[in-house]
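I opened my notebook to look around a new structure, one part at a time. Follow along with me if you like.

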Amino acid sequence: MRRKICLFIAAIGLLSTIGLCLGFLALVAVVLVLLFFYCCNRKVFSTNYWNNRYLAVNDFLASPFFRSDERRNFGVVNLGSAPSHYAFTYEAFQGLNLSSGCQSLGTDLEILRNYHSFIKKGGFVILGLSPYQIDFKEDVAYWSRFIRKVPGRPDEYRGYYANYSYLLPSKSHIVPMRFMRYPIRYKPFEVIYSLFADINKDLPVESIGRSNWPKCCMSARESLGTHDAEIVFSYIQFCKDREYTPVIVVLPVENSLVNAKTEAFSNWVLGTYGKCCKVILSQGYKAWAASDFIRPLIMTKTTAKDFTAHVLSSLSVKSVND
Amino acid sequence: MISTYRLSNGAVLPSLCVGTNRMDRQLLDAVIPAAINAGFRFFDSAQAYGNEGLVGAALRGAMEASGLTRSEVFITTKVDNSKQIGRDMRKELDRSLQQLQMDYVDLWLQHWPYPDYFIDNFRQMADLLASGRVKSIGLANPRIRHLQELYDTTGLLPQVIQIELHPFRQVPELLSFCKMHKIQVAAYSPLCFMIDRLKHSPLLVELGCKYGKSVGQIVLRWHVQRGVLPVFRSEKATRFAENAKIFDFVLDEDDMNRIATLDEDYKFIPESLHCPGY
């Protein structure tokens with residue numbers, strides 16, 4: 001009997017020890033996994049994958065940096081959504097791309113309100129408008145998961161919160177962007193993959209590829225909606241009040257996407273804003289092949305260089321090399 | 001001896017002012033006595049600097065040590081944008097006076113012409129002049145369009161404006177407007193943060209050699225000769241004695257004209273970052 005009790009106690013002791021060891025190992029494993037995720041989460045911010053996805057963030061001369069970055073008096077800046085962001089590149093010009101990618105016209109105006117002091121007197125403020133609209137609301141991943149509503153601000157500023165939360169007038173209303181802080185929690189496979197197979201830095205857009213374009217609804221439009229049309233008038237007036245030169249550029253699309261609606265859009269822009277500011281219609285400037293674009297509406301970098309030079313030439317802006 | 005300017009309302013201010021932005025207690029306790037010993041009597045503070053209380057304490061300490069009375073020193077403070085939203089300037093004046101531990105401020109400015117707020121708030125500030133707790137009022141960082149809008153709406157104009165002004169940013173149109181309307185112009189960042197381009201400007205270095213002065217003294221003298229009130233900032237106690245010695249020489253007209261050629265409308269402080277919609 002005593003032997004059985006001893007065996008029983010020994011068995012319990014052995015099991016407890018094994019359990020403790022397993023528990024300890026499990027704890028270590030959990031800590032290691034968390035540490036791995038933590039390190040990946042930190043490291044991803046320096047990848048091209050991240051910086052290209054939220055590409056415009058680093059283009060801005062944000063408040064904390066203006067003391068160390070002495071560039072001022074830009075002769076030309078551009079605003080507009082993703083097609084505009086990729087249509088302008090200023091390697092050969094004293095310009096600044098203020099388009100943040102996926103955003104509304106309201107966001108463009110808000111960015112201009114915050115950054116216009118970097119523009120020189122009389123400088124060109126280009127607003128690129130595409131004849132096609134992309135309804136990102138269809139992309140639940142883009143809007144709903146990453147971006148949270150901020151109290152007291154209209155929906156149109158949602159993109160603004162994603163990339164430019166520091167621009168908000170009232171800091172107390174900023175709801176922390178969980179995705180922007182902890183991307184690994186929401187896209188673990190993409191984040192970890194990017195650490196081992198980062199995309200090419202020089203050709204970021206090409207490397208992302210057509211298939212990764214957010215699942216969105218892209219449709220031709222004949223005009224802007226009433227609200228957006230008013231915002232563009234506000235944008236023009238804002239520029240004029242501050243002695244800048246507003247310019248609206250109707251961005252080209254590949255010829256296969258041209259139809260009666262896109263032509264109507266160009267005519268509508270010219271008719272609506274042509275009397276208030278300079279309007280550049282760029283569809284007819286050359287034959288736009290599919291190879292000029294990486295994704296629908298998104299130019300290749302080579303095309304963007306030529307296109308920027310063409311637009312700035314028509315505004316008589318000189319290259320820094322001239 | 002530091003000269004003075006008489007404002008449109010008859011108030012008198014010294015022609016040089018010492019800035020206190022981004023200074024902590026330790027720095028203020030060193031800088032303010034050094035400035036007073038060098039002859040400076042005019043100090044610039046602001047709600048946004050977050051150190052009004054420290055400035056007031058350091059100033060009182062230095063006044064006691066040097067035997068100066070309140071009427072012999074001058075203080076500016078500014079209403080922050082975040083406070084302008086409250087639209088209660090009396091409350092903000094109380095707040096600043098409490099922080100500074102003073103009965104009055106010599107010059108009270110709005111820090112920025114904050115869109116949708118600055119006109120109503122300026123009207124309130126003007127009403128508070130009668131209380132005697134404010135001697136003069138003004139506006140920092142305005143453009144002509146702000147002053148014009150203010151005048152068209154209220155019939156009021158500031159006694160003083162404070163703007164970024166240095167050889168690389170000379171805003172001649174704004175200065176002409178102010179001269180025409182008897183508005184005293186004060187210059188912040190009068191030395192353009194001594195960025196390398198200014199510090200090593202061949203022209204300014206040449207003039208420094210010609211007059212036996214430093215580049216900083218040349219630029220401060222240039223301001224004063226234009227009738228501008230520079231608000232300079234220094235963390236070096238020895239700098240105050242140097243900056244006070246700008247009244248023993250005169251830049252000739254030709255040299256003033258040569259400095260005018262440096263203008264490139266360069267703004268070191270981008271206004272719109274501090275005041276969206278500016």
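Below are my entries on sheets, a surface patch and charged pairs.

**Entry 1: the sheet in chain A.** I noted at the start that this is a predicted model. I then looked up the strand order in chain A and found an open sheet of 5 strands, in the order 2-1-3-6-7, with parallel pairing. Its edge strands are strand 2 (95-97) and strand 7 (278-281) of chain A, each of which pairs on one side only. From one strand to the next, the twist averages 20 degrees. A reminder to myself: strands of a sheet pair through backbone hydrogen bonds, either parallel or antiparallel.

Entry 2: I began at strand 1 (residues 74-80) of chain A, which pairs with strand 3 of chain A in the parallel sense over 6 bridges. Here A:Val77 has A:Val125 in strand 3 as its bridge partner. How covered is strand 3 (residues 119-129) of chain A? I found that strand to be mostly covered, with 8 of its 11 residues buried. Strand 3 of chain A is also joined to strand 6 of chain A by 6 bridges, and the two run parallel. There, A:Ile126 has A:Val247 in strand 6 as its bridge partner. On I went to strand 7 of chain A, which pairs in the parallel sense with strand 6 (residues 245-250) over 4 bridges. A:Val247 turned up again, with A:Lys278 in strand 7 as its bridge partner.

**Entry 3: a loop residue.** I looked up A:Glu254, which lies in the loop between strand 6 and helix 12 (260-273) of chain A. Is A:Glu254 buried or exposed? Its relative accessible area is 10%, so A:Glu254 counts as buried. Its side chain makes a polar contact of 3.0 Å with the side chain of A:Ser256.

**Entry 4: a nonpolar patch.** On the surface I found a nonpolar patch whose members include A:Leu14, A:Leu22, A:Phe24 and A:Tyr38. Together the residues of the patch have about 1000 Å² of accessible area. I picked A:Leu22, which lies in helix 1 (residues 2-43) of chain A. With a relative accessible area of 53%, A:Leu22 is exposed.

**Entry 5: the barrel in chain B.** In chain B, 8 strands close into a barrel in the order 3-4-5-6-7-8-9-10, and the pairing is parallel. On average, neighbouring strands of this sheet are turned by 25 degrees against each other, direction ignored. I checked one pair: strand 8 (residues 160-164) and strand 9 (residues 184-188) of chain B run parallel and are joined by 5 bridges. B:Glu164 has B:Tyr188 in strand 9 as its bridge partner.

**Entry 6: charged pairs.** How many salt bridges does the structure hold over all chains? I noted 22. In one of them, A:Lys121 and B:Glu173 have their closest N and O atoms 4.0 Å apart. This pair crosses between chains, from strand 3 of chain A to helix 7 (residues 172-180) of chain B. A:Lys121 is partly exposed at 47% relative accessible area, and B:Glu173 is partly exposed at 46%.

Next I looked at B:Arg169, which forms a salt bridge with B:Asp265, the closest N and O atoms being 3.6 Å apart. These two are 96 residues apart in chain B. B:Arg169 also forms a salt bridge with B:Glu271, again with 3.6 Å between the closest N and O atoms. That pair is 102 residues apart, and both B:Glu271 and B:Arg169 are buried.

Notes:
Residues numbered from 1 in each chain as written. Chains lettered and ligands numbered in written order. Predicted model: local features only at pLDDT ≥ 70, side-chain atom pairs only at ≥ 80, totals over all residues. Heavy atoms only, no water. Patch = residues over 30% accessible without salt bridge, like charges linked within 9 Å, V, L, I, M, F, W, Y side chains within 5 Å. Areas by Shrake-Rupley, 256 points an atom, 1.4 Å probe, with all protein chains shown as cover. Salt bridge = Lys/Arg side-chain N within 4 Å of Asp/Glu carboxyl O. Buried < 20%, exposed > 50% of the residue type's maximum accessible area, 1.4 Å probe, protein only. Pairing = 2+ DSSP bridges. Axes fitted to C-alpha atoms, helices over the stretch in contact; angles between N-to-C directions. Polar contact = N/O pair within 3.5 Å; in protein donor to acceptor, adjacent residues only side chain to side chain.
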